[in-house]
Amino acid sequence: MAAVDLAQNTLDGLMIGSSYALLAIGFTLIFGVMRRLNLAYGPTIMAGVYLGTAAFISFGAPILVILAIVVIGAAVVGLYVERLCFRPFGEAARTASMVASFALWMQIEEAAMHLLPRHMNPFPPLLSAPPLQIGPLLLRADHLVMLAATLLIAGAVTYFLARTRFGLAIRAVIDQPRAAAIVGIHVQRVMMLTFVLASAVGGLAGFLIAATDAQVTAMIGMWATTKGLVAMMLGGLGSVKGAIAGGLLLGVLEAHAQWFLGPQVRDMVAWGLLFVLLAFWPGGLMGSKALDRTMAVGRRV
Amino acid sequence: MDGYLITILSNIGMVSFVALSAYILLLSGQISFGQQAYFGIGAYVAGIATVMWQWPLAGALLFGSLAAGAAAGLVGLATLRLSGIYFAMATLAFAEIMRIAAELFVYRRDIGGIESGPDGVDGFRDIRYFFANEFSPLETCLIVYALLATVLAILCIIERTRAGRMLRQIGEDPLLAEVHGINVMSVRMIAALAAGAVAGLGGGLYAHLMTYVEPKSFDIMLGVHALAYGLIGGLGTAFGPILGVLIDIGLLESTRIFHGYRMIVFGGLVAVLLIVRPRGLLDEVAVSRIRRALRRRRDAGD
């Protein structure tokens, strides 16, 4: 039976991990172009999800409309965060950006609580199909949709970064903002659009998570920020592949730790792994090759 | 003075210790999301010392502060070579590990017929030293401020010495400081030890004034708030973080004028304030202006 448990945990972990991966992709895009930490990332997602939930509760909006509201809501709130916390600050004031984004975290969360004061709210489920049976293993259909959506979005983001003109501009800004400006890239516009894009990806992640749970709690903002951050750090900063690897690893690790050690120790294991990785192997999963570059980026926070 | 005012003043005093702790590290150029861990360690250790071991308060506070400092030293060994977001995340990871460890920590004993001690998620209740020794709220508040004044005085003196200038230079540009012959690692280590001890002292006071401490009391919110206070109040002087605490707790929380909308107002206010003054109200420029004005007045008086 132990082997079946291990396989089932790993499978569940991969499914949950795919939502962490989506959160980490958004985080890593913002960190890549801004080189500053956006603590209001989770609350941005919360704002989108809460707007969608409010539409569901008040008008019984269909699920595709809710999806649109969540993604657009997150993108708009993301724009607000960018305008207030990132646009006004130059190279010198990275800490100020971070603290300002924390201030907006508090603000957005309180605004969301005014919109929906209850701790827990219903959210329309993605699918109501019964779980699939693969041999002795069970697989929830909506989890499969989440995994597929993650891979699709990760593929789209990678393609977008690697193959389109705007993606090239983003990579140029990530590598050398000043050089990018010299060759005629509108750096501030690229930063803003990347920020909005990342917030929309975050909104999509929030939608998938809420729909799989069929509920939203007031903890989703804090949850998205911490899980996204840990997944991003585990994978190594500034890489979409690292974000996916980090998210999946975090999911699998948590699933096993929860099964064998209980929910409190589960969180401790994730933080403990992060601490050990940072102390002894700060490049994350992408290894020491990425270390020099990411340390250089990290120094500028 | 009425009880409500004294409670608010005591709260401002206790949170100031964590704000100062984050400020010390900010000066050395390190952003820590985890100073709440040392606050928690100080609170638990000092509480255990008075309740379980029947120590006097001064010894318990000192021991709690030393334990927090020692923990900060150990964490520093593993994390101080990191910088930026890496350091911030490593300190946060440690703080979360400590918070969950406190949720699992049970150490119950029969003390004078009552079972007391830390009890996992329920926290550590009945830390009744002040009650048992018949301290009035005013007296406890004075103890908080006497200790805070001592810490502030030490910080202000250090900032005017060579060591203080070294700390600021490292914060400005660690590479340049290294070139100037400053041992960046050891100065940062001393800063981390001091920051841990200051937070631990605040935690010990908190446990005794509140009569209880629970793992929730030192979650990430306390740590990030502490960081924010320094940036709101200003990084030019040790009075900056205290001004930040005064603005948040003193002005917004206690007056209750924005009840239910406090965070909406405070969040917007802080964001706009930081645009105008990215290093806070009392930043280096403001502080040197004030110093010059004071000196001129003193000279004119002579």
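Guide: We can begin with a pair of strands: β2 (residues 114-118) and β3 of chain B pair in the antiparallel sense over 2 bridges. This is a predicted model, in which local features need pLDDT of at least 70 and side-chain atom pairs count only at pLDDT 80 or more, while totals for chains, interfaces and linings use all residues. Residues are numbered from 1 along each chain as its sequence is written, and chains are lettered from A and ligands numbered from 1 in the order in which they are written.

Visitor: What makes β2(B) and β3(B) a pair?

Guide: Two strands pair if DSSP finds at least two bridges between them, and β2(B) and β3(B) have 2 bridges. Pro118(B) has Phe124(B) in β3(B) as its bridge partner, and Gly117(B) has Arg125(B). Strands themselves are DSSP runs of E with at least two residues, helices are runs of H or I with at least four, and both are numbered from the N terminus.

Visitor: How do you know that β1(B) and β2(B) pair as well?

Guide: Between β1(B) and β2(B) there are 3 bridges, in the antiparallel sense, and Arg109(B) stands opposite Ser116(B) in β2(B). The three strands form an open sheet with the order β1-β2-β3 in chain B.

Visitor: Why are β1 (109-111) and β3 (124-125) of chain B called edge strands?

Guide: β1(B) and β3(B) are the edge strands, since each pairs on one side only. In general, strands of a sheet pair through backbone hydrogen bonds, either parallel or antiparallel.

Visitor: Which residues take a positive phi in the two hairpins?

Guide: In the hairpin of β1(B) and β2(B), with 2 residues between the strands, Gly112(B) has a positive phi near 55°. In the hairpin of β2(B) and β3(B), with 5 residues between the strands, Gly120(B) has a positive phi near 55°.

Visitor: What about residues that are not glycine?

Guide: Most residues other than glycine have a negative phi. Glu134(B), although not a glycine, has a positive phi of about 55°, and its place is in the loop between α5 (129-132) and α6 (137-160) of chain B. In chain A, Ala214(A) has a positive phi near 60°, and it lies in the loop between α8 (187-213) and β4 (215-217) of chain A.

Visitor: Are Glu134(B) and Ala214(A) buried, partly exposed or exposed, and how do you know?

Guide: A residue is buried if 20 or more other C-beta atoms lie within 10 Å of its own, exposed if 12 or fewer, and partly exposed in between, with C-beta atoms placed from the backbone. Glu134(B) has 7 other C-beta atoms within 10 Å, so it is exposed, whereas Ala214(A) has 13 and is therefore partly exposed.

Visitor: Why does Tyr23(B) count as buried?

Guide: Tyr23(B), which lies in helix α1 (residues 3-27) of chain B, has 28 C-beta neighbours inside 10 Å and so counts as buried. Leaving aside residues up to four places away in sequence, Tyr23(B) touches Gly230(B), Ala238(B) and Pro241(B), where contact means C-beta atoms, placed from the backbone, within 7 Å. Across chain B, buried residues make up 51% of the 302 residues.

Visitor: What makes the radius of gyration of chain B agree with that of a compact globule?

Guide: The radius is taken over C-alpha atoms, and the globule rule is 2.2 Å times the number of residues to the power 0.38. For 302 residues a compact globule would have a radius near 19 Å, and chain B has 20 Å, so the two agree.

Visitor: Why is α5(A) called roughly perpendicular to α6(A)?

Guide: The axes of α5 (residues 141-163) and α6 (residues 165-175) of chain A come within 5 Å and cross at roughly 80°. That makes α5(A) roughly perpendicular to α6(A), because angles of 65 to 115 degrees count as roughly perpendicular, under 35 as roughly parallel, over 145 as roughly antiparallel and the rest as oblique. Axes are lines fitted to C-alpha atoms, for helices over the stretch in contact, and angles run from 0 to 180 degrees between N-to-C directions.

Visitor: How many residues of each chain are in contact with the other?

Guide: In chain A 34 residues are in contact with 31 residues of chain B, and α4(A) gives the largest share of chain A's side, 12 residues.

How values were computed. Two residues are in contact if their C-beta atoms, placed from the backbone, lie within 7 Å.
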